[in-house]
Amino acid sequence: MKVLNYLFVLFSVLNVFSQEGKYIGVYGERFKINETVMLFGDNVRLREEPNMNAKVLKTLKIGEEVTVLSSGIEDEKPIPDNEIVWEWYKVKYKNIEGYVYESLLSLDYKVYDTDLYLVSIRKDKNKNDKVVVRLFNKETNKYEENSSFLGSATTFKIRVFGNKGLKKY
């Protein structure tokens, strides 16, 4: 059985009263200047300017690290994503500076052995908030994805408990 079928065993969505970990807000600014973040998207185009028609400087893979240089750059024509407002972030990848769309950045990540857990949020077609987790295996360069509804929560936290009972894919 695939690893994703068991992600709910690995992750626990906790309330805001817990004292460990990073809290991720559904709304508001999600990244800090000089914060190192990982790419949630795969084949992400690092662009020269903050718009979809800008020159592509480099194509980046899922799980690669970038450093946030500035935030909150609105696109004149944002991509509709069921009412989530995503913005452009100026980032640095190695020695290249460019722009990445916010939805392609992982809100948080955890490393466990050769697996990388990447976290983002989305809205489904009914505009319900959900947390999306991508499990990326660094040895195979493959990833799988699963999501869970947040209900009325506006913040959440995820803890990785390990891979007990799971098979490697």
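Residues are numbered from 1 along each chain as its sequence is written, and side-chain values use heavy atoms, with hydrogens and water left out.

**Exercise 1. Determine which element has the lowest mean pLDDT and which the highest.**

Step 1. The pLDDT is the predictor's confidence in each residue, from 0 to 100. The protein has a mean pLDDT of 75, and 64% of its residues reach 70 or more.

Step 2. Elements are DSSP runs numbered from the N terminus: helices (H or I) of at least four residues and strands (E) of at least two. The lowest mean, 37, belongs to helix H1 (residues 7-10), and the highest, 98, to strand E4 (residues 56-60).

Step 3. Residues 1-20 have pLDDT below 50, yet this stretch has 47 contacts beyond near neighbours in sequence; a contact means heavy atoms within 4.5 Å. Where pLDDT is low, the predicted coordinates should not be read in detail.

**Exercise 2. State the strand order of the open sheet of 4 strands, and explain why one side of E8 and of E11 lacks a neighbour.**

Step 1. The order is E8-E9-E10-E11, with antiparallel pairing. Two strands pair if DSSP finds at least two bridges between them.

Step 2. Strand E8 (108-112) and E11 are at the edges; each has a single partner strand, and therefore one side of each has no neighbour in the sheet.

Step 3. From one strand to the next, the twist averages 25 degrees; axes are lines fitted to C-alpha atoms, and angles run from 0 to 180 degrees between N-to-C directions.

Step 4. Strand E10 (residues 129-137) pairs with E11 over 8 bridges. Asn 137 stands opposite Lys 142 in E11.

**Exercise 3. Decide whether Asp 113, Asn 141 and Leu 150 are buried or exposed.**

Step 1. Buried means under 20% relative accessible area, exposed over 50%, and partly exposed in between (1.4 Å probe, protein chains only).

Step 2. Asp 113 lies in the loop between E8 and strand E9 (115-123). Asp 113 is exposed because its relative accessible area is 57%.

Step 3. Asn 141 lies in the loop between E10 and E11. Asn 141 is exposed because its relative accessible area is 56%.

Step 4. Leu 150 lies in the loop between strand E11 (142-149) and strand E12 (155-156). Leu 150 is buried because its relative accessible area is 9%.

Methods. This is a predicted model: local features need pLDDT of at least 70, side-chain atom pairs count only at pLDDT 80 or more; totals for chains, interfaces and linings use all residues.
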